[in-house]
Amino acid sequence: IVYVPREDCEMDRLTQSPATTHCPFKGDATYYDFLPEEASSEAKVEQICWSYEAPFDQMLRLQHHLAFYSDRATLTRLDQST
């Protein structure tokens, strides 16, 4: 699992899902749905990723990061150096 910093994601295309789960090692997970742009052929993808908003102390490095399901999203790294 790769955790991506939120600042590297298009957060305006994600909306919080009502779904939550609990991990005994990391804490409570919040899920996000992907919203297509208007007039786009893309479809909404429910629960495309998750985040630990307030992880346990030993997992604080996950805070402000998102983890995407590999069967629901394709991650692309864009070079911002130009």
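Predicted model: local features only at pLDDT ≥ 70, side-chain atom pairs only at ≥ 80, totals over all residues.

User: How many helices and strands does the protein chain have?

Analyst: It has zero helices and five strands.

User: In what order do the strands sit in the sheet?

Analyst: The order is S1-S5-S4-S3-S2, in an open sheet with antiparallel pairing. S1 and S2 are the edge strands, and each of them pairs on one side only. From one strand to the next, the twist averages 40°.

User: What do strands of a sheet pair through?

Analyst: Strands of a sheet pair through backbone hydrogen bonds, and they can be parallel or antiparallel.

User: OK, zoom in on S3 and S4. How many bridges join them?

Analyst: Four bridges join S3, which covers residues 27–34, to S4, and the two run antiparallel. Take Tyr 32 as an example: its bridge partner in S4 is Cys 49.

User: New topic. Where is Arg 6?

Analyst: Arg 6 lies in the loop between strand S1 (3–5) and strand S2 (14–23).

User: Is Arg 6 buried or exposed, and why?

Analyst: Arg 6 counts as buried because its relative accessibility is 18%, and the cut-off for buried is under 20%.

User: What is Arg 6 in contact with, leaving aside its neighbours within four places in sequence?

Analyst: Its contacts include Tyr 32, Ser 51 and Glu 53, along with Met 11, His 64, His 65 and Leu 66.

User: What about the whole chain? How much of it counts as buried?

Analyst: Of its 82 residues, 34% count as buried. The accessible surface comes to about 6000 Å², and carbon and sulfur atoms make up 50% of that. The C-alpha trace spans about 40 × 35 × 20 Å along its principal axes.

User: Last one: how far apart are the mean positions of the positive and negative charges?

Analyst: They are 6 Å apart, with 7 positive and 14 negative charges in the protein chain.

Technical notes: Residues numbered from 1 in each chain as written. Heavy atoms only, no water. Buried < 20%, exposed > 50% of the residue type's maximum accessible area, 1.4 Å probe, protein only. Contact = heavy atoms within 4.5 Å. Areas by Shrake-Rupley, 256 points an atom, 1.4 Å probe, with all protein chains shown as cover. Lys, Arg positive; Asp, Glu negative; His and termini not counted. Charge placed at Lys NZ, Arg CZ, Asp CG, Glu CD. Pairing = 2+ DSSP bridges. Axes fitted to C-alpha atoms, helices over the stretch in contact; angles between N-to-C directions.
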